[in-house]
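Dear colleague,

I am passing on the structure below, together with notes on what turned up in it. Please keep it open while you read the rest of this message.

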Amino acid sequence: MNSKMMRLLGGWRSGPRTLLALGGLALGGAACAEWTNGDELSLDTESDELVCSGAGCTCSPTFGIGFVQGSDGTGTVPNFELVVPHTGGGFSAYYRNNATTSLVSTPTWFGPKKVGSADVNGISMLENSSGGNLEVIAVQGSSLVHYYRNQSTKDWSSGTTVATGVTGQPGIVQAKLSPGNFEVVVPLASGGLAHYWRDNSVASHPWSSGTTFATGRTYSAVSVVESNFGTNRLEVIARSGSTLYSMYRRDDRSWTTPAEIRVDNNQAISATGVHQFIQGKSGTKGNFELVVPLSSGGLRHYYRDNDDSAYPWKTSATWVDPINAYSAAGVIWSDYDNLEVVGRRSADGSLASFYYNGGWVRHGKDASGSTVWAGSVFGGEPCCDPATKGQWSDPLYAGAIGIHAALLRTGKVLLFGFTDDADQGYSEVFDPATGQASLPSGTQPHAFCSGHAFLSDGRLWVAGGHNDPHVKGSHRFDPSSSTWASLTDMTLGRWYPTLTRLDGGSVLAISGTTKTGRISSTKPVNSSWQTLNTAGTLSARNDVPEPFTSDGRPIQLYPFVYQLPDGKVFVHSGRGSRLLTTSNNTWSATQYTTQYANSRTYPGYGSSVLLPLSPTDSYRARVMLIGGGGAVSNAATSDPNDTPIPATATTELLDLGAASPAWAYKASMSYARVLNTAVLLPDGKVFVVGGSARGSSDHATVPVMTPEIYNPSNDTWTKMCPMRVARLYHSTALLLPDARVLTAGRDHAFNELPYKWPERRVEIFTPPYLLSGNARPVIQSVASTASYGQSISVTLSSAVAATGIGSAMLMSPGSVTHGFDQSQRAVKLAITGQSGSTLTLTAPPNGKVAPPGYYMLFVVSTQGVPSVAKFIKLQ
């Protein structure tokens, strides 16, 4: 990532929420970022997504499908067009090439093409009878949004908001009579269904609200057709709970009362997910054809006999696929004179297609030649059980791009980076409790590329930055007043330094280049360390003994640094680790070299944690390295050849309490990842999130959407539910006081298409320990300060008595950038007394084990459920 300003997009100048556009790319805050210049790379690292079964399984039941036969194609039969919500936000468009002579034996489905970045759930599509545009209606959060694909250019539009207060899966049809208005029916979040329509007789194509109907219950999914039983007769089937209801709009525009659909001999349908129905060609009047994901599994086909005056619903003789569970279905009557179905499988989010030919037959192969019956075909939203795999919140807008993130002792999160033009620094304070962001006071520093860590008084020291004069900048953020303050500039610049709190409460700064850019003869590393105390006084510079590693290299950028319990400072850079004694400014004689042949620090960085320190083993220090890149370039300029370099799934551990410490491989992750972030959890495990399957800084295009949790006690990794927002270069993650994990960031200036937009959304992950159904401890009271070696008395609620507490943990608020949390630390506390709802703990013995400052105190039940933390100041 050197010469960053050389890669900015044309010198734009704007505020952080302004929508910008360049060709087919839109860059903005909550707005959608369109990518229209090529097919998206497939997420080839996650073909074995999470299998979910049982009562606790949730499979995004309104994550729908839009399926039509369009007019494009080179064969006698036009192509099929498909849209599905995308795991990384927005939706993906596919097509089936019907010019292929053998639809079963050759690849037929192609894509995806990524559209937008907002959080699409329900989605429906038609092809406009006037001009051939594909028209998509989608539910994004609580908004109903319209997109279209230009038939001539094949470019997708930005989304236009039609309405708010909606939910679930919408349905859309085009009226048969001129001018062919669009008719949409969608569930309302407050209950009932709403009708909206677009007037296609007016050049501006205005949307209008129609009637609210079917009130009295809430619905999750809707399918709508215009039948041939009257003029503009809209027929609707909507799901509420597991029940399907039918209704239609009369000629006077009033709606009938919803009637439950029962089949055969008055049998109920136990539905789930997203159904779809059409009016087909069977019978003289055209039967209704309905495909439904069933709660018991499989897709079932039903039809309404429209030649019978009683209009009975009947069950098809055969299942579409009784073997697999499905959460969504799309159905058309194709030019092959068949019913064609695409279903989304619950097990892995894949899409499988079928057609009816006296029985349901699998149909087609994917671009790799695999049959759709055999496995994953398209990217989708995998299903998983929150009780064992956790759960992601809907993404929230946080204002600033979270290139840098720090948890304040107020419980809020400081996010900072730069504005859309990257010429100015920008920050906001995000409140996870409310989802709201606010501007801090003081002058916004341009602290992008800085290092940062908390002083013992809870204020954040931010050292360094990007480009002159910011690279020498020194700033301090006060959580109590939400205010930035500028300190005296440093003598030499620090671009990509690491900051670490020491046992005395001051913060050490080390590394970084003196000028912006990767290490070179004109941009040498700042081979010194110095400290800042709470008074704002910067110590003299102490030259770091060189070289750092035996191969003659100086300290690299953004090294992994920890205060150790024996008083030394651990520094890892490239492949080497050394111990620094600050009192005499000397390195240990021993260099510890990793097993992995490539650097795990910048620019192909992985992540690192100091595993929780515990009094039961005399606070034995164990450092872990997680993931990283391949042999990336260390040239003065960014090397595009870094893009295809595979990441590593390997991890390593250095046990500094061993008789002969040495880096040793531990269990590998499920996925290779570079540019990832690791977060310590209150139960002693490690949450690893984000990154790319290949590439390096500036060059990463294969996001790993599935996070993992590492258990140090048995050296195992467990996959969690995938996130919605791709977190690549310049993304962050940190632990919140409520024991959830916040993820943020990914900028527009130093990422590649299709992920090149300013990502201001945050997602919050709830680990499975909060979704297990087990009781959660509640800290009713604890002193706001604690002294080293002294007792800490904690009063708990009666819901989980002291005898139900298995552990207690002090966790330092995080301060993270570029994959490494420079303030993260976890220290277990000895439980020395239990009496009813009173728990007695013993504070750490000294500042070497736990440097003075603010910590989150978690108590964890014997079943592994952590409390909401209380902030205490250790002194």
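Which strand gives the largest share of the lining of the largest cavity? That share, three residues, comes from S43, where a strand is a DSSP run of E with at least two residues, numbered from the N terminus.

Before the details, please bear in mind that this is a predicted model, in which local features need pLDDT of at least 70 and side-chain atom pairs count only at pLDDT 80 or more, while totals for chains, interfaces and linings use all residues. Residues are numbered from 1 along each chain as its sequence is written, and side-chain values use heavy atoms, with hydrogens and water left out.

Cavities

The structure holds five cavities of 30 Å³ or more. On a 1 Å grid over the protein atoms alone, a cavity is a set of points where a 1.4 Å probe fits but cannot get out, whereas a pocket is an open set with protein on both sides within 12 Å along at least five of seven lines, and lining residues have an atom within 4 Å of a point. Grid points are joined across faces, edges and corners, and a volume is the space filled by probe spheres set on the points.

The largest cavity has a volume of about 140 Å³. It is lined by 15 residues, of which Arg-501, Gln-822, Ser-823, Gln-824 and Arg-825 are the closest to its centre. At least two lining residues each come from strand S39 (498-501), strand S43 (560-563) and strand S64 (820-821). By class, the lining of the largest cavity has six nonpolar, six polar and three charged residues, where Ala, Val, Leu, Ile, Met, Phe, Trp, Tyr, Cys and Pro count as nonpolar, Asp, Glu, Lys and Arg as charged, and the others, Gly among them, as polar.

The second largest cavity holds about 70 Å³ of space. Of the 13 residues that line the second largest cavity, Leu-680, Leu-735, Ser-812, Gly-814 and Gln-824 are the closest to its centre. Two or more lining residues are given by each of strand S52 (677-680), strand S56 (731-735), strand S62 (805-812) and strand S65 (825-828). The lining of the second largest cavity divides into eight nonpolar, three polar and two charged residues.

The largest pocket

The largest pocket has a volume of about 930 Å³. There are 36 residues in the lining of the largest pocket, and the closest to its centre are Val-68, Leu-126, Val-173, Ile-278 and Ile-332. Strand S15 (221-226) is one of the elements that give two or more residues to this lining, and the largest share, five residues, comes from S15. By class, 19 residues of the lining of the largest pocket are nonpolar, twelve are polar and five are charged.

Strands and sheets

S3, which also gives residues to the lining of the largest pocket, belongs to an open sheet of four strands in the order S3-S4-S5-S6, with antiparallel pairing; two strands pair if DSSP finds at least two bridges between them. The edge strands are S3 (66-69) and S6 (109-115), each of which pairs on one side only. Within this sheet, five bridges join S5 (residues 91-96) to S6, and Ser-92 has Lys-114 in S6 as its bridge partner.

Elsewhere, strand S68 (residues 853-861) is mostly covered, as nine of its nine residues are buried, with buried meaning under 20% relative accessible area, exposed over 50%, and partly exposed in between (1.4 Å probe, protein chains only). S68 is joined to S62 by six bridges, and the two run antiparallel; Met-811 stands opposite Met-856 in S68. Five bridges join S68 to strand S69 (residues 870-874), again antiparallel, and Gly-853 stands opposite Leu-874 in S69.

Salt bridges

A search of the whole structure finds 14 salt bridges, each being a side-chain nitrogen of Lys or Arg within 4 Å of a carboxyl oxygen of Asp or Glu. One of them joins Asp-305 and Lys-314 (3.6 Å, N to O); Asp-305 is buried at a relative accessible area of 17%, whereas Lys-314 is partly exposed at 28%. Another joins Asp-655 and Arg-620 (2.9 Å, N to O). Because Asp-655 lies in strand S50 (residues 651-655) and Arg-620 in the loop between strand S48 (607-610) and strand S49 (622-626), this pair ties together parts that are 35 residues apart in sequence.

With best regards
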